Amino acid sequence: MHTPIKVLAAISFLFSGVCHAQEALQNVGEQMAHYYEKPNPGVIVSWIKYVSAAGVFQNESARLPIMIFISEVVKSNPDKSAQWCKELSVLPSANKAYVAWSFRNANVPAQGECIQTLLGLSDEEKRKVLATERQDPLAKTPTTPGDLDMLWAIFMATGSELAINRIIDVLGIPSPKNSSYGAMEMQMLMLKGSAQWSLSSNIQQHRRVAEIVNARRLHGSDALRKELDSVIDNAINVNQIK
């Protein structure tokens, strides 16, 4: 079966914006894309201030992965969260609200104090933060490229094996078998293409990703093994081009 040109064009367009988590983290500090390797909570406040000044929170595609990354670091350092909130109260109001949501999403004991007093939010900002749904990307199967970005943000903050396995799970979903693609079929093709592309890209950057992919390849089904072989081949081909 040959994929129609219009599907290939749509997937190519999607690839131009996929994996915002890695891109955003690298743009504001290469070490953050590898934070899990050498966690250093002492740099988080200054990094968030830099993210704010760089305008990353105004980039809609990068904003949520960054917020998830912050949330994961806060979750790992609950004893530092109150002090971090005090230090981050100097951020612009809109950006403080994004940070406040990250603390709420981490569900640390200091979240209430952080939102209500420490960050200096307006009543309207508090209302919006508290009304915004929490996100737990690890608890669900990804359905959009944005879900994949959140999983990559979790991985880069924590090294989570589950985050990578959630992405790999996407490749195990059967591809559409007919040549007449509707909206749902297009969405699935794009999601699988995004998962494959991001895994191939990050295998080159992260030894841990390569190890997790190889482990799933050894124990996965024949269909999944074939998908992961393609991921690995693509990573090798890119390296050869470089």
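Helices α7 (93-106) and α8 (111-118) pack at an angle of about 160°, with their axes 8 Å apart, where axes are lines fitted to C-alpha atoms, for helices over the stretch in contact, and angles run from 0 to 180 degrees between N-to-C directions. That angle makes α7 roughly antiparallel to α8, a term applied to angles over 145 degrees, with those under 35 counted as roughly parallel, 65 to 115 as roughly perpendicular and the rest as oblique. The crossing of the two helices is left-handed, meaning that the near helix is turned anticlockwise from the far one by less than a right angle. At this crossing, Ala100, Phe103 and Arg104 in α7 meet Gln111, Cys114 and Ile115 in α8, contact being defined by heavy atoms within 4.5 Å. The residues of this contact divide into four nonpolar, one polar and one charged, with Ala, Val, Leu, Ile, Met, Phe, Trp, Tyr, Cys and Pro counted as nonpolar, Asp, Glu, Lys and Arg as charged, and the others, Gly among them, as polar.

The model is a predicted one, in which local features need pLDDT of at least 70 and side-chain atom pairs count only at pLDDT 80 or more, while totals for chains, interfaces and linings use all residues. Residues are numbered from 1 along each chain as its sequence is written, and side-chain values use heavy atoms, with hydrogens and water left out.

In the protein there are 14 helices and zero strands, helices (H or I, at least four residues) and strands (E, at least two) being DSSP runs numbered from the N terminus. Of the 242 residues, 47% are buried, that is, under 20% relative accessible area, whereas exposed residues have over 50% and partly exposed ones lie in between (1.4 Å probe, protein chains only). Among contacts between residues at least 6 apart in sequence, 69% join residues at least 24 apart.

The buried residues of α8 are Gln111, Cys114, Ile115 and Leu118. Seen down the axis of α8, these residues fall within an arc of 135°, so they line one face of the helix, the arc being that of the directions from the helix axis to the C-beta atoms. What covers them includes α6 (81-87), α7 and α9. After α8 comes Gly120, whose phi is positive, near 70°.

In helix α9 (residues 123-131), the buried residues are Glu125, Lys126 and Val129. They cover an arc of only 100° around the axis, which puts them on the same side of α9. Asp123 and Ala131, by contrast, are exposed on the other side of α9. The cover over the buried residues of α9 includes α7 and α8.

A further helix pair is formed by α4 (residues 44-53) and α5 (residues 60-76), which pack at an angle of about 170°, with their axes 12 Å apart. This angle makes α4 roughly antiparallel to α5, and α4 passes α5 in a left-handed crossing. Ile44, Trp47, Ile48 and Val51 in α4 meet Ile66, Phe69, Ile70 and Val73 in α5, and the residues of this contact divide into eight nonpolar, no polar and no charged. Helix α5 is also the place of Glu72, which is buried, with a relative accessible area of 10%. Leaving aside its neighbours within four places in sequence, Glu72 is in contact with Ile154, Ala157 and Thr158.
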